[in-house]
Amino acid sequence: MCKSFPGFAVLLAATAVSYSIVTGGAIGLSAALAASPEAASPNLPAQTSSARGVTVKVTPQNVAGDAKTWEFAIVLDTHSGDLNDDLVKSSFLLDGAGGRYAPAAWDGAPPGGHHREGVLRFKPISPRPQAIELQISRAGEDAPRSFRWQLK
């Protein structure tokens, strides 16, 4: 039994060092990614606006600093009339410093019907702003629907 103890001690020490390296590295990497606003996509909450019988829900899906496109999931619902909005023409992303950015694309349901959903895509804003605001103008409404998020 004395002969096997040194082998066990070496195995135990190697396991402890390996565990320390693995968990320390994982924790260190996670902390570095979480601390970098450029690398991480913030978990931004969905926002909803209801007016004139139409509900618009916007959920940022990817606004990470290193993303190739910024994506916002959009859901429109109504019980009256058709949803004929052309979201590429009626939406803008604002950066808080006077910049106004048109969407690159809408990937979703075409105009018409009582329920539409899809993803509105924008080119990322650089340098990354502290806050963004998505405005959606709708025919017959006096002011655009406004959805704001803090990024930093």
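View 1. Buried here stands for under 20% relative accessible area, exposed for over 50%, and partly exposed for values in between, with a 1.4 Å probe and protein chains only. In soluble globular proteins, nonpolar side chains tend to be buried together. This is a predicted model, in which local features need pLDDT of at least 70 and side-chain atom pairs count only at pLDDT 80 or more, whereas totals for chains, interfaces and linings use all residues. Residues are numbered from 1 along each chain as its sequence is written, and side-chain values use heavy atoms, with hydrogens and water left out.

**View 2. The surroundings of Ile132.** Leaving aside residues up to four places away in sequence, Ile132 touches Val63, Trp70, Phe72, Leu93, Leu94, Ile125, Phe147, Arg148, Trp149 and Leu151, where a contact means heavy atoms within 4.5 Å.

**View 3. An open sheet of 4 strands.** Strands (E, at least two residues) and helices (H or I, at least four) are DSSP runs numbered from the N terminus, and two strands pair if DSSP finds at least two bridges between them. The sheet has the order E5-E4-E8-E9, with antiparallel pairing. Its edge strands are strand E5 (100-101) and strand E9 (145-150), each of which pairs on one side only. Strand E4 (residues 91-94) and E8 are joined in the antiparallel sense over 4 bridges, and Leu93 stands opposite Leu134 in E8.

**View 4. Backbone details in two loops.** In the loop between strand E7 (115-122) and strand E8 (131-136) lies Pro127, and the peptide bond that leads from Ser126 to Pro127 is cis, with omega near 0°. The loop between strand E1 (47-51) and strand E2 (54-62) contains Arg52, a residue other than glycine whose phi has a positive value, near 50°. Arg52 counts as exposed because its relative accessibility is 64%.

**View 5. The protein chain as a whole.** The protein chain has 2 helices and 9 strands, which follow the pattern α-β-β-β-α-β-β-β-β-β-β along the sequence. Of its 152 residues, 30% count as buried.
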